[in-house]
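Please read the following briefing beside the sequence and the 3D view, moving between the two as each topic comes up.

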Amino acid sequence: MNAGQTLIALWTLVLKEIKRFTRIWPQTLLPPSITMAMYFIIFGNLIGSRIGDMDGFSYMDFIVPGLIMMSVITNSYSNVASSFFSNKFQRSIEEMMVSPMPNWVILSGFILGGMARGLGVGIIVTMVSLFFTRLTMEHPLLTILVVVLTSALFSIGGFINALLANKFDDISIVPTFILTPLTYLGGVFYSISMLPDFWQGVSMLNPILYMVNVFRYGFLGVSDIPVGWALAAIFAFIVVLFSVALVMLERGKGIRS
Amino acid sequence: MAEPALSIRGLTKVYANGFQALKGIDLDVQQGDFFALLGPNGAGKSTTLGVVCSLVQKTAGSVSIFGIDIDKDFAKAKYQLGVVPQEFNFNQFEKVLDIVLAQAGYYGMSTREALPRAQQLLTDLGLWEKRDGNARMLSGGMKRRLMIARALMHRPRLLILDEPTAGVDIELRRSMWEYMRRINQDEGTTIILTTHYLEEAESLCRNVAIINDGDIVRNTSVRQLLAELDTETFLIDLAEPVAETPHVEGFELHQLEPTQLSLLVHRGQRLNDVFNALSEQGVQVVSMRNRANRLEEMFVSMVKGSNQGAIDQRADASSGESSDAENRESRS
């Protein structure tokens, strides 16, 4: 395929992915908006007013960046996991496999589709949050960079999950038992400076902590961890996981007999 | 001579569980041919085609499509290839038009280029009116035609049809035959067809390979195969019931119903002799037809013979290895 044809193939796949999640918007775009509105009302307004300040900010202002990031992570991941697995399950993945489209285009198409949903939901949740607080952004470029990279990283994660999955249960195990606990313990609702030293050390092993903190730094200008390190770690994870996913795809893992 | 549309050499496939689906097959399909690949379930037809279109990874051997080795430039080879699989493999929740346009996009065709092509193919296959409907709302026959339209979007020179008319009613099957004949004859598209309807292969195809138990047991022209047919069975309908089976010297007659006989005719025997003898016995024939499709008789006897050989071999061996049937079971 020449460059023009490759670009058409990639755009076709991305557009197809966007059409998929917008077609089923009551399943994909509406639920996170409602859930996050509940978080803002209950944790931000009702309970948050009794908690007081967190790292020098109102509790509502503190949790908004974390909740936006949580939506981006879960939606990026689940979009690719469910879409790719559904393609495997319905065998429509064969449409792509018989075509001359290179594997990196297939992988990138699904990742960009996952990012479109993750970032789309992120924008919706940000807009919902504006009903509850006035958002300010200390470092807009850094905020955008970190959310885009995080969305890419978890889209790749969802792809690998779907490649390895044999049944629909297999694509809900990771989000339920790994992603959700790591997100909740990743400093979305609290600053790790509140924790005893030992648990602060344990928290530092949680990669989601770094993403939430850098994202919050972009909004508020405060972070529990060094921003440069966090960005480097996210970028390194993306390179490693993209390579792993591509090798698995080249070998036909889970899709070729 | 032009490169074969498809050339397979020593193709072997051993699945992860040890089942050998293909045992080093060689096969050539010439450009412009209408070729039938026949064989019983689990014989290796779909595995062979799966390797050709990259859905199955081969263990050994080589495959070239119009002279392009798939190990060297599979992407280029794939441009020559259109695939209509045995099972529906499109997203049932997508619109008909979106499905064919997306497939064109995967081959690098812009929407501007693909849309007129989609309109022409969907119109030819009677689906244009359904273009904005969800694919899951289509009937079984329409879904099959949708897969044919999808496979032809990028104008492939080799079209692989894996049981394209399975579950399709007779009228629709005939119209699909016409369509396939047209793209083979008018557009010069080489077609490889697998089918269980041997009448289909006899009616459409010029050449045939019979695959059984991972080996090609026969590869010849349909005409040659039919010329080798030694016997043919006819069903004879009688005007009046007969009390006992009439006897005709040199022919095997069996009574199936009070007014129906089966007649086995060997090569060189004359049907006139039967009619004369029946007439002399006061038996009036009102109609006669083939009991089964001629190719089907040949196919059954060939596969039966081949399987009998395999069974004999297994009976001789005392290794206690599991049978192919068990292997197939565990593979599925």
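A residue is called buried if 20 or more other C-beta atoms lie within 10 Å of its own, exposed if 12 or fewer do, and partly exposed in between, with the C-beta atoms placed from the backbone. By that rule B:Gly141 counts as partly exposed, because it has 18 C-beta neighbours inside 10 Å.

This is a predicted model, in which local features need pLDDT of at least 70 and side-chain atom pairs count only at pLDDT 80 or more, while totals for chains, interfaces and linings use all residues. Residues are numbered from 1 along each chain as its sequence is written, and chains are lettered from A and ligands numbered from 1 in the order in which they are written.

**Confidence**

- The predictor gives the complex an ipTM of 0.89 and a pTM of 0.83.
- Chain B has an average pLDDT (the predictor's confidence in each residue, from 0 to 100) of 85, and 87% of its residues score at least 70.
- Over residues 309-332 of chain B, pLDDT stays under 50.
- Where pLDDT is low, the predicted coordinates should not be read in detail.

**Annotated domains**

- UniProt, in an unreviewed entry, gives residues 23-252 of chain A the annotation "domain: ABC transmembrane type-2"; its positions are given in the numbering used here, feature names are shortened, and annotations may be inferred rather than shown by experiment.
- That span of chain A is 78% helix and 2% strand, with its end C-alpha atoms 29 Å apart.
- For chain B, an unreviewed UniProt entry lists "domain: ABC transporter" at residues 6-238, a span that is 36% helix and 29% strand, with its end C-alpha atoms 50 Å apart.

**Where the chains meet**

- In the model, 22 residues of chain A are in contact with 24 residues of chain B, where contact means that the C-beta atoms of two residues, placed from the backbone, lie within 7 Å.
- On the side of chain A that touches chain B, the largest share, six residues, comes from H1(A).

- H4(A) is largely enclosed by the rest of the structure, because 27 of its 31 residues are buried.
- The end C-alpha atoms of H4(A) are 44 Å apart, which agrees with the 45 Å that its 31 residues should span at 1.5 Å a residue; the expected span is 1.5 Å times one less than the number of residues.

**Inside chain B**

- Chain B holds 11 helices and 14 strands, and 38% of its 332 residues count as buried.
- B:Gly141 is found in helix H5 (residues 140-152) of chain B, and, leaving aside neighbours within four places in sequence, B:Gly141 is in contact with B:Val168, B:Asp169 and B:Leu172.
- Although B:Gly141 and B:Leu172 are 31 residues apart along the chain, their C-alpha atoms are separated by 7.3 Å.

Technical notes
Helices (H or I, at least four residues) and strands (E, at least two) are DSSP runs, numbered from the N terminus.
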